[in-house]
Amino acid sequence: MSQPQRGRFVTFEGIEGAGKSTQMELLVQRLVDAGEPVVVTREPGGTALGEKLRGLLLDPDIGQMAAETELLLIFAARAEHLAQVIRPQLEQGAWVLCDRFTDASFAYQGAGRGLGSERVATLEGWLQGELRPDLVMILDVPVEVGLQRALARGKRDRIENEDVAFFERARSAYLERARCFPDRYRIIDGAQDLESVSTAVVRIWDEWQQAQGH
Ligand code: T5A
């Protein structure tokens with residue numbers, strides 16, 4: 001019996017309130033409508049253990065945590081996610097759509113916390129080997145726009161308590177990564193109204209799929 005073709009791994013990135021979850025749902029619907037096998041997941045999280053670690057990472061009552069602890073907890077959740085969900089589903093031929101992945105560690109821990117990209121890259125290489133997202137959609141918004149949207153929901157989580165400069169560093173790191181890997185990354189202006197952002201996402205998606213021969 002022949003092995004199924006490896007599935008595709010697509011991630012959505014951006015700072016808080018950029019509109020990732022909203023736009024991901026839209027693409028999930030397109031894939032479901034087309035009858036494609038699709039797995040929707042998120043980081044930190046995506047497994048029972050990962051969701052517990054997410055709870056700790058975002059709990060405002062925990063307050064300060066060493067940046068190294070934060071990075072290692074995120075990669076612990078990611079190791080579980082890779083083992084239980086991402087790799088097996090890709091091997092089965094599914095589309096795996098993930099709300100944040102390792103680019104968020106480069107942006108938030110590498111740049112935001114100042115740990116530097118080398119440490120993140122070391123963990124990435126150890127845990128992921130060659131595995132990288134096939135497509136990274138970066139929803140880019142000015143920090144004040146993203147925070148305003150995110151904070152309109154009420155209570156802040158532990159990371160949303162960071163200052164504007166932290167999110168500026170994270171945003172710059174995302175944009176820099178997109179510049180370094182233009183074949184796999186796409187930047188979308190997330191500050192537009194919802195419909196315009198959706199139109200841009202769908203256009204990028206259709207072009208990317210065509211280029212992939214779908
Ligand atoms: N983290 C994660 C790390 O530090 N390192 C890592 O390696 C990883 C993986 C996750 C936290 O963990 C950190 C980063 C995060 O701080 P989270 O709750 O998942 O926590 O945080 P976010 O992913 O940022 O979730 P948000 O919900 O804040 O952002 P989204 O998903 O980008 O935004 P979305 O779609 O939920 O929209 C937010 C609000 O804005 C509105 C929506 O209706 C919603 O109310 N909205 C718009 N309004 C106007 N115009 C538009 N175009 C809009 N698009 C959305």
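## Make-up of the ligand shell

In this predicted model, the shell around the ligand consists, by class, of 11 nonpolar, eight polar and nine charged residues. Altogether 28 residues surround the ligand, and the closest of these are K20, S21, T22, S105 and R153.

Several helices contribute to this shell, with α1 (20-33), α2 (48-58), α3 (67-91), α4 (102-112), α6 (143-151) and α8 (194-212) each supplying at least two of its residues. The largest share, four residues, comes from α4.

## Polar contacts and cover

For E16, the distance between a polar side-chain atom and a ligand oxygen is 2.9 Å. Of the 1000 Å² of accessible area that the ligand has on its own, the protein covers 83%. The space that the ligand takes up is the largest pocket.

## Aromatic pairs

Across the whole structure, a search finds eight aromatic pairs. One of them joins Y108 and F166, whose ring centres are 5.8 Å apart and whose planes stand at 65°, and because an angle over 60 degrees counts as edge-to-face, the pair is assigned to that class.

Y108 belongs to helix α4, whereas F166 belongs to helix α7 (residues 164-180), so this pair ties together parts that are 58 residues apart in sequence. Helix α4, which holds Y108, is also the helix that gives the ligand shell its largest share of residues.

Terms used
Residues are numbered from 1 along each chain as its sequence is written. This is a predicted model: local features need pLDDT of at least 70, side-chain atom pairs count only at pLDDT 80 or more; totals for chains, interfaces and linings use all residues. Side-chain values use heavy atoms; hydrogens and water are left out. A residue is near a molecule or strand if one of its heavy atoms lies within 4 Å of it. A polar contact is a pair of N or O atoms within 3.5 Å; within protein, one must be able to donate a hydrogen and the other to accept it, and residues adjacent in sequence count only if both atoms are side-chain atoms. Accessible areas come from the Shrake-Rupley method with a 1.4 Å probe; for residues, only the protein chains shown count as cover. On a 1 Å grid over the protein atoms alone, a cavity is a set of points where a 1.4 Å probe fits but cannot get out, and a pocket is an open set with protein on both sides within 12 Å along at least five of seven lines; lining residues have an atom within 4 Å of a point. A molecule sits in a cavity or pocket if more than half of its atoms lie within 2 Å of its grid points. Ala, Val, Leu, Ile, Met, Phe, Trp, Tyr, Cys and Pro count as nonpolar, Asp, Glu, Lys and Arg as charged, and the others, Gly among them, as polar. Rings of Phe, Tyr and Trp (its six-membered ring) pair if their centres lie within 6.5 Å; planes under 30 degrees apart count as stacked, over 60 as edge-to-face and the rest as tilted.
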